[in-house]
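Subject: Structure for you to look at

Hello,

Here is the structure I said I would pass on. Please open it and keep it beside this email while you read.

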Amino acid sequence: MAIKIDGTALANQVNETTLNRVVEMSKRGRVPGLAVVLVGNDHASQIYVQNKERTAKKLGIHSEVIRLPESTTQRELLDQVNELNMAPAIDGILVQFPLPAHLDEVEVTRTILPEKDVDGFHPDNLGRLFEGDHGSFPVACTPQGIMTMLESVKTPLKGQNAVVVGRSKIVGRPMSALLLRADATVTIAHRYTPADVLPVYTRNADILIVATGIYHLITADMVKPGATVIDVGMDRDPDGKLAGDVDYFEVEKKVRAISPVPGGVGPMTIATLMKQTVDLAEWHEE
Ligand code: GUN
């Protein structure tokens with residue numbers, strides 16, 4: 001039986017450290033601040049944002065959620081971001097994606113000050129990651145959380161074959177940069193990788209990260225025995241229950257370690273967001 005990578009337990013550990021740092025900071029008269037901007041009525045986004053708000057409150061992080069209507073214009077959204085860029089109480093700004101189709105995510109990403117870019121999506125921060133820079137700057141929360149999960153089960157990375165399925169700005173691209181920085185041999189597969197070729201890559205993966213949003217895309221015949229598998233999917237099974245991109249109960253029979261859905265990547269993304277908010281607040285103190 002595989003090791004189950006328990007994202008909830010690991011997130012609790014990360015949050016405990018974050019809470020202690022917030023307590024220490026409050027003794028210096030400083031409270032870390034996170035602003036989350038949510039545009040429109042996307043149901044999944046509303047739930048993610050609620051979870052972020054709840055965790056921030058629990059950890060003593062000042063949190064502001066700015067809910068804007070679906071009809072918000074690009075100009076109005078950029079003005080809101082600029083206001084947060086200048087707000088001294090705010091250390092980290094997160095604009096929840098996806099935005100409604102009429103809004104330009106790239107321009108929004110570039111408007112957030114790099115030093116408040118808690119998502120690590122700004123080209124300055126993403127560029128540093130691709131440079132292989134090991135210094136202090138924010139990194140996309142889901143991939144960074146996954147690195148903590150891999151570390152928690154002592155996954156060797158150097159010289160190992162890592163395959164990332166999915167090339168999104170939020171997960172696939174920054175994930176591949178993190179694995180590359182850790183000296184893995186990285187392959188990125190995506191929607192244009194022919195379906196009959198995808199297994200050729202995945203069967204070769206010592207580390208397999210799957211972030212496609214396709215329910216049970218990865219079946220047991222597609223994984224390498226002994227691999228470490230991380231499932232970023234937030235899909236629905238035929239009964240409407242939350243499930244992942246990986247057929248967990250079949251794949252777990254074959255691999256060394258695997259993360260479940262729910263209780264895997266999701267809680268670690270939020271814990272990493274909170275940790276990085278405090279990182280930013282500490283840098284802003286200097
Ligand atoms: N939507 C889903 N995950 C994320 C994330 O990590 N950051 C932002 N900004 N939007 C998201």
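This is a predicted model: local features need pLDDT of at least 70, side-chain atom pairs count only at pLDDT 80 or more; totals for chains, interfaces and linings use all residues.

Domains and ligand

Where does the ligand lie relative to domain 1 and domain 2? Both domains give residues to the shell around the ligand, so it lies between them. The shell is made up of Leu94, Val95, Gln96, Phe97, Asp119, Cys141, Thr142, Ile170 and Thr269. Two elements each give two or more residues to this shell, namely the strand β4 (92–95) and the helix α6 (141–152). Sorted by class, the shell has 5 nonpolar residues, 3 polar ones and 1 charged one.

Backbone details

Most peptide bonds are trans, and most residues other than glycine have a negative phi. The following places depart from that pattern, and you can find each of them in the viewer by residue number.

Start with the cis peptide bonds. One runs from phenylalanine 97 to proline 98, with omega near 0 degrees. Phenylalanine 97 is also one of the residues around the ligand. Proline 98 sits in the loop that links β4 to α4 (105–111), and β4 is one of the elements named above for the ligand shell. Another cis bond joins valine 261 to proline 262, and its omega is near -5 degrees. Here the proline belongs to the loop between β11 (257–258) and α10 (265–285).

Next come the positive phi values. Lysine 154 is not a glycine, yet its phi is about 50 degrees. This lysine is in the loop between α6 and β5 (161–165). Is lysine 154 buried or exposed? Lysine 154 has 9 C-beta neighbours inside 10 Å, and 12 or fewer means exposed, so it counts as exposed.

Histidine 216 also has a positive phi, near 50 degrees, and is likewise a residue other than glycine. Look for histidine 216 in the loop between β7 (207–210) and β8 (228–231).

Regards

Key
Residues are numbered from 1 along each chain as its sequence is written. A residue is near a molecule or strand if its C-beta atom, placed from the backbone, lies within 6 Å of it. Helices (H or I, at least four residues) and strands (E, at least two) are DSSP runs, numbered from the N terminus. Ala, Val, Leu, Ile, Met, Phe, Trp, Tyr, Cys and Pro count as nonpolar, Asp, Glu, Lys and Arg as charged, and the others, Gly among them, as polar. Domain bounds come from an automatic or database domain assignment. A residue is buried if 20 or more other C-beta atoms lie within 10 Å of its own, exposed if 12 or fewer, and partly exposed in between; C-beta atoms are placed from the backbone.
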